Amino acid sequence: MIATLTRPGLVLDRWLLWLVLILPLVWMTWQYGAETVYYGEYLHWTGVQSARLLLLTLAITPLLRLLPRAAAIRWLMRRRRDIGLVTFFYALAHTVAYLVRKSDLQLIASEGLEAGLLTGWIAFLVFIALAVTSNDVSVRAMGRKWRRLHQTVYVAAILTYLHWVLTAFDPTMGYVHGAVAAVLLLARLRRDRRSATPARDTNPG
Amino acid sequence: MNRKTRLPLLLAWALALPAMAQAELTLVNPNLADKDELQALPNVGNEIAQAIIDGRPYQSAIELETTLAGVMDDEQRATLYTRLFQPIDLNDASEAEILLIPGVSKKMAHEFLEYRPYKSMEQFRREIGKYVDDDEVARLESYVTLN
């Protein structure tokens with residue numbers, strides 16, 4: 001049913017998806033502004049949600065290959081760029097909260113050189129490039145380069161989970177999410193290698 | 001307290017945990033306790049109780065640590081701090097001072113520092129409560145103050 005939505009239906013489902021995904025962030029940010037949610041809680045929550053949404057984004061293509069006829073997965077595939085953008089906004093909120101809290105360039109620079117934060121910063125820079133080019137105009141203008149650029153999401157993902165593991169008080173959940181991301185990356189690499197190998201001609205006629 | 005001594009001390013603290021769980025959370029104040037109260041504490045005899053009294057007033061846990069370092073070894077002090085402590089100010093204490101709290105690792109001390117300034121004890125409970133259970137938060141809370 002989702003797959004048979006008409007054009008106005010597609011616009012509506014896109015807005016609904018944005019609303020559902022972004023409302024928790026708006027609510028938490030408001031709570032943080034009102035000081036009913038504390039800095040560490042906000043930083044932790046935005047970081048975890050961003051990492052989970054990233055995992056969802058990465059899982060869509062492998063899921064579609066596993067279940068090519070599942071309407072829900074096909075719908076997610078069509079909305080993958082939107083989910084990626086929402087992921088970026090969570091990461092942005094996470095970063096802005098950190099920057100505002102520290103409010104000291106020298107401190108930010110010195111902390112940024114530590115492995116735990118350096119991995120986060122590099123991942124965030126990649127996410128900026130991906131977010132800025134997540135639109136139809138960029139897809140058309142960049143052609144094949146767009147695909148290559150957006151494959152760097154895997155690099156950003158590895159860095160994100162490293163950032164989690166290196167900065168968390170208890171890194172267990174970082175390892176778990178990182179392991180799932182690694183499986184998705186391996187599945188992707190395997191698929192890419194297969195498609196790069198010329199298929200044996202089984203139809204001599 | 002250097003790196004080499006921290007691990008055995010954490011181990012000693014872990015072994016003392018069951019006894020601590022039964023003990024009351026209120027700590028003896030080194031500025032106020034009389035000699036009898038002090039002598040009832042672990043590893044404190046007449047000489048050490050007198051040293052504690054002579055070292056008054058204590059403005060910080062570091063001052064208490066300096067006094068006791070001359071009369072007790074690292075392990076004895078770590079055990080004593082499960083019952084006697086000069087509470088540290090959450091917004092002012094140095095990392096070295098935070099590390100004197102029994103069972104506080106370098107990682108936990110970093111978390112204490114990361115969430116400054118603390119505006120309320122509720123903030124401390126919720127920030128540190130992300131990492132340890134309620135009983136441990138209550139135990140840590142007994143070692144800190146907010147001025």
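**Notes on chains A and B**

1. Start with B:Pro57, which sits in the loop between helix H3 (46–54) and helix H4 (61–69) of chain B; helices here are DSSP runs of H or I with at least four residues, numbered from the N terminus. The peptide bond leading from B:Arg56 into B:Pro57 is cis, with omega near 0°.

2. A quick word on the basis: this is a predicted model, where local features need pLDDT of at least 70 and side-chain atom pairs count only at pLDDT 80 or more, while totals for chains, interfaces and linings use all residues. Residues are numbered from 1 along each chain, chains are lettered from A, and side-chain values use heavy atoms, without hydrogens and water.

3. B:Pro117 is in the loop between H7 and H8 of chain B, and the bond from B:Arg116 to B:Pro117 is cis too, with omega near 0°. Most peptide bonds are trans.

4. Now look at A:Ser103, in the loop between helix H4 (80–102) and helix H5 (105–112) of chain A. A:Ser103 is not a glycine, yet has a positive phi of about 45°. The residue is exposed, at 59% relative accessible area (exposed means over 50%, with a 1.4 Å probe and protein chains only).

5. How do the chains meet? Here 15 residues of chain B are in contact with 13 residues of chain A (contact means heavy atoms within 4.5 Å). The rule finds 3 salt bridges across this interface, each a side-chain nitrogen of Lys or Arg within 4 Å of a carboxyl oxygen of Asp or Glu. B:Glu114 and A:Lys102 form a salt bridge at 3.0 Å, N to O.

Notes. Helix = DSSP H or I, 4+ residues; strand = E, 2+ residues; numbered from the N terminus. Buried < 20%, exposed > 50% of the residue type's maximum accessible area, 1.4 Å probe, protein only.
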